[in-house]
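Here is my note on the model you sent. Please read it with the coordinates open.

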Amino acid sequence: MSGVLLPTGFAFESLRRSHPRAAFDCGQSDVNDWLRTKAFQNQEKRLSATKVLLDREGGIAGFYTLATGQVDFGDLPTELARKLPRRALPVAILAWLGVSMAHQGQKLGDLLLAQALRDCHAAGQTFAFVAVILDCIDDRAKAFYQRWDFAELPGHPFRLYLSSQTLAAMMMPR
Ligand SMILES: CC(C)(COP(=O)(O)OP(=O)(O)OC[C@H]1O[C@@H](n2cnc3c(N)ncnc32)[C@H](O)[C@@H]1OP(=O)(O)O)[C@@H](O)C(=O)NCCC(=O)NCCS
């Protein structure tokens, strides 16, 4: 599947030990801490996969982390759960996403989210899941994701979902 259009000289890579993680600063300490100290170790353990967007100098302009998980049938909204079995259901998790402060406001957040959703859609052709789920760290992050058709899970105001049907529709060529 083709990727999103990147600014000249920018490139996506799977996170490696040699990437300059310690210098990454998106202004949110828990997001920074994840990338600086945990993302690579979790990737080595096959718990999650992180892709970094490198800028022209090889710095980390942004990143996202994907993982797999489950949600309980009862946590899903009725319109999504209606035709699904009453058990734990597989989901893709957009666990973390951040853009370095030096690069914020240049649409890289949208670009990272677009690529993360493309990755989810591509993976879903092999390992099926019913929705992409994410946890927002605050109201601002929530507003960012809600611009993209993510909706609240009932009873979990900071947990958003995008159904696989909506994801597939988003990936249709226009
Ligand atoms: C949220 C974040 C990823 C946005 O990245 P960005 O590259 O600055 O965003 P973009 O330039 O792609 O902006 C795209 C749109 O989102 C809006 N936007 C940007 N940051 C936003 C925020 N924090 N809240 C709400 N909307 C936001 C922009 O106004 C823009 O909207 P527009 O197209 O209508 O003008 C970035 O601010 C960030 O890394 N924040 C700290 C970490 C974080 O909160 N991560 C998300 C939870 S894990």
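1. Basis. This is a predicted model, in which local features need pLDDT of at least 70, side-chain atom pairs count only at pLDDT 80 or more, and totals for chains, interfaces and linings use all residues. Residues are numbered from 1 along each chain as its sequence is written. Helices (H or I, at least four residues) and strands (E, at least two) are DSSP runs, numbered from the N terminus.

2. Strand β1 (residues 11-14) pairs with β2 in the antiparallel sense over 4 bridges; two strands pair if DSSP finds at least two bridges between them. Phe12 stands opposite Leu53 in β2. On to the next pair: β2 and β3 are also antiparallel, with 6 bridges, and here Val52 stands opposite Phe63 in β3. These two strands form a hairpin with 5 residues between them, and Gly58 in the turn has a positive phi of about 85°.

3. Strand β4. β3 and β4 run antiparallel and are joined by 11 bridges. Tyr64 has Leu97 as its bridge partner in β4. Strand β5 (residues 131-135) runs parallel to β4, with 2 bridges between them; the bridge partner of Ala92 in β5 is Val132. β4 is mostly covered, as 9 of its 12 residues are buried. Buried is used here for 20 or more other C-beta atoms within 10 Å of a residue's own, exposed for 12 or fewer, and partly exposed for values in between, with C-beta atoms placed from the backbone.

4. Helix α1. The helix covers residues 29-44, and at 1.5 Å a residue its 16 residues should span 22 Å; the end C-alpha atoms are 22 Å apart, so the two values agree. The expected span is 1.5 Å times one less than the number of residues. Val31, Trp34, Leu35 and Ala39 of α1 are buried. The buried residues of α1 pack against β2 (49-54), β3 (60-72) and β4.

5. Helix α3. Its 17 residues should span 24 Å at 1.5 Å a residue, and its end C-alpha atoms are 24 Å apart, which agrees. The buried residues in α3 are Leu108, Gly109, Leu111, Leu112, Leu113, Ala116, Leu117 and Cys120. What covers them includes β2, β3, β4, β5, α4 and α5 (164-170).

6. Ligand shell. Which residues are closest to the ligand? The shell has 21 residues, and the closest are Gln104, Gly109, Asp110, Arg140 and Ala143. The elements that give two or more residues to this shell are β4 (88-99), α3 (108-124) and α4 (139-146). A residue is near a molecule or strand if its C-beta atom, placed from the backbone, lies within 6 Å of it. By class, the shell has 11 nonpolar, 7 polar and 3 charged residues. Ala, Val, Leu, Ile, Met, Phe, Trp, Tyr, Cys and Pro count as nonpolar, Asp, Glu, Lys and Arg as charged, and the others, Gly among them, as polar.

7. Positive phi outside glycine. Arg46 is in the loop between α1 and β2 and has a positive phi of about 60° although it is not a glycine. Arg46 counts as exposed because it has 8 C-beta neighbours inside 10 Å. Lys107 lies in the loop between β4 and α3, and its phi is positive, near 70°. Lys107 is also exposed, with 12 other C-beta atoms within 10 Å.

8. Leu153 and Asp75. Leu153 is in strand β6 (residues 151-153) and counts as partly exposed, with 19 C-beta neighbours inside 10 Å. Not counting residues up to four places away in sequence, Leu153 touches Asp75, Pro77, Arg159, Leu160 and Tyr161; contact means C-beta atoms, placed from the backbone, within 7 Å. Leu153 and Pro77 are 76 residues apart in sequence, with their C-alpha atoms 6.5 Å apart. Asp75 lies in the loop between β3 and α2 (78-81) and is partly exposed, with 19 C-beta neighbours inside 10 Å. From Asp75 to Ser100 there are 25 residues in sequence and 33 Å in space, C-alpha to C-alpha.

Key
Contact = placed C-beta atoms within 7 Å.
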